[in-house]
Amino acid sequence: MTTSRVKPPELSVITDVTDSYEILARATRQAAERGLDKYFIVDADSHIGDGLAWAEVLKFVENETVRDAAMFFGGGTGRSAFLNDTPGLQHQHAGGRIPHGAHLREPIADKSVPREVALSRKAMDCMGLDYQIFFPSALLFLGMHPQREIEAELATAYNRWIVEHVLPHEPRMKAMLYLPYNTPDAAEATVKRFLGAPGVVGFLVTSTRYQPVHANEYMRLYRMLEEADMPIGFHAHHNWHNEYTRHLNRFLSMHAISFVMSNVVHLTNWVINGLPVRFPKLKVMWIESGLAWLPFLMQRLDHEYLMRVSEAPLLKRLPSEYIGEMFYTMQPMEATNLKLLEGTFEAIRADTQLLYASDWPHWDFDVPAKVFDLPFLDERARRNILGLNAARVFNLPVPARYQQSVAAE
Amino acid sequence: MKEIFVAHEHEISDGGRKIVIDDDNIEIGVFRVDGAFYAWRNDCPHQGGPVCQGKLMQGTEERLDADRRSLGIHYRAGSLNIVCPWHGFEFDVRTGRHFGHAKMRLASYPVTVRDGGVYVVAK
């Protein structure tokens, strides 16, 4: 046995001001150990910590009375102006146990780009990502805003901030823009206005809202997106104000249930009302509800449908078949029972329909190694889930060097 | 097998730790609790997060009264957990076990204290 008396290098305790490179150093190591540089990897759902940038976003509000009023919030800073989330119910940090769950407060030396771009670059470098598709954290609850005109104002401001202020700095960053869905006309206007903007790869509905996705006033919107070959995503979020979830007394319980509940309702309406039949080429993606809910819903809807086919006459096949043709982001992938997970992958046809997503920097993020290490995936499925399915959904170019790797398999 | 020098004994105060990287890039956290030393690999069994770089916090318990009514959640006296900063997985710093899932545990290393130095033995 050899003994060294030389002091080895040391690592520090991670706090909310620790550099992302250090927080994610082990993800960098995982990527190197697995040769992930040979894989095309797209993070289909990440977020930018935008709380610090909110005053900048407010500058893009186009109604001058709203814009002026915004700066009377937060002691004249505009901080949190008009946002309807409830700060006192944000337990993502788990009582301080998960430092990045509260904020990434690290100092950023590179002032040549917005802070959000600098942070995204670090995450992409650490996790070996080729593209990171992001959505603003601050807007995830906006669908519950009691003033739908404010939803539309903030959506436009935020979309402009992304297109004009963030995306031009980093071609690896791509955005799904917010649809002010509570006002169908405004949602259509958003698509018309931002369609074709560089870096915009899709449009997104935050699922925490009480709008029926099958309502006739949305059909023009869906047709526009189908014709433009633009995906629509339904992004879940937690909601502690629902009549059911407000009876859950722990953040754990509420988070586990409410992230699924909204998309259970929306996906059920989507399928049973025959929207896959009405818009067969529209790419529909269900985001951040994990995967365990899908085999449940497939079986449940098939079971009821077969007994009550008269209520869903647009469908020509089982609901599960339509569900298996839509797209899903994997995070947060429930993996405590690998047999169930393997069955879920088979049910949703994960090899062509599942997209890797990190959700970074949120508290329950998933690293690419989580896909790579699944024992039941073959090489083709692994490559598809890590990036090639996303390339298909978002029309992203795949660099030639990866195509050579695929051909060599 | 090799023995890695971690620190002088006085450099790790009670309740403190050192997280070191050896020549083979193995990361090990050495913790001192009530005078005893414990060494764990800096590799969370969940997703490989930097578990030894997380917070040290007491575990929790839900207290019940004689009628089994809840008296709320409180810190568990005498407990000390190392919490993975990636996702919050909590492991008893003395046993390396996850409090709620006994099969999940941290990889350990033997620790020795000799001539005022703290050493771990790594394969």
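Let me start with one residue. Leaving aside neighbours within four places in sequence, A:Tyr356 is in contact with A:Ile41, A:Val42, A:Asp43, A:Ala44, A:Met330, A:Pro368, A:Val371, A:Ile385 and A:Leu386. Contact here means that the C-beta atoms of two residues, placed from the backbone, lie within 7 Å.

A word on the source. This is a predicted model, in which local features need pLDDT of at least 70 and side-chain atom pairs count only at pLDDT 80 or more, while totals for chains, interfaces and linings use all residues. Residues are numbered from 1 along each chain as its sequence is written, and chains are lettered from A and ligands numbered from 1 in the order in which they are written.

Back to A:Tyr356. This residue is among those with the most contacts inside the largest nonpolar core, alongside A:Met127, A:Tyr158, A:Tyr328 and A:Leu355. That core has 106 residues. A nonpolar core is a set of buried Ala, Val, Leu, Ile, Met, Phe, Trp, Tyr and Cys residues joined through C-beta atoms within 7 Å. Buried means 20 or more other C-beta atoms within 10 Å of the residue's own, exposed means 12 or fewer, and partly exposed is in between, again with C-beta atoms placed from the backbone. Helix H6 of chain A, residues 148-166, gives the largest share of this core, nine residues. Helices (H or I, at least four residues) and strands (E, at least two) are DSSP runs, numbered from the N terminus. A second, separate core has 27 residues, including B:Phe31 and B:Phe89.

Next, two helices of chain A. The axes of H7, residues 184-194, and H8, residues 219-227, come within 9 Å and cross at roughly 15°. H7(A) is therefore roughly parallel to H8(A), since angles under 35 degrees count as roughly parallel, over 145 as roughly antiparallel, 65 to 115 as roughly perpendicular and the rest as oblique. The axes are lines fitted to C-alpha atoms, for helices over the stretch in contact, and the angles run from 0 to 180 degrees between N-to-C directions. Where they meet, H7(A) brings A:Pro184, A:Ala187, A:Glu188 and A:Val191, and H8(A) brings A:Arg220, A:Leu221, A:Met224 and A:Leu225.

Still in chain A, is A:Val309 buried or exposed? A:Val309 is exposed, because 10 other C-beta atoms lie within 10 Å. Its place is the loop between helix H11 (293-307) and helix H12 (319-323).

Now chain B. How many helices and strands does chain B have? The count is zero helices and 14 strands. Of its 123 residues, 37% count as buried. Its C-alpha trace spans about 55 × 30 × 20 Å along the principal axes.

Two strands pair if DSSP finds at least two bridges between them.

Last, a hairpin. S6(B), residues 60-64, pairs with S7(B), residues 70-75, in the antiparallel sense over four bridges. B:Thr60 has B:Tyr75 in S7(B) as its bridge partner. Five residues lie between the strands, and B:Arg68 takes a positive phi near 65°.
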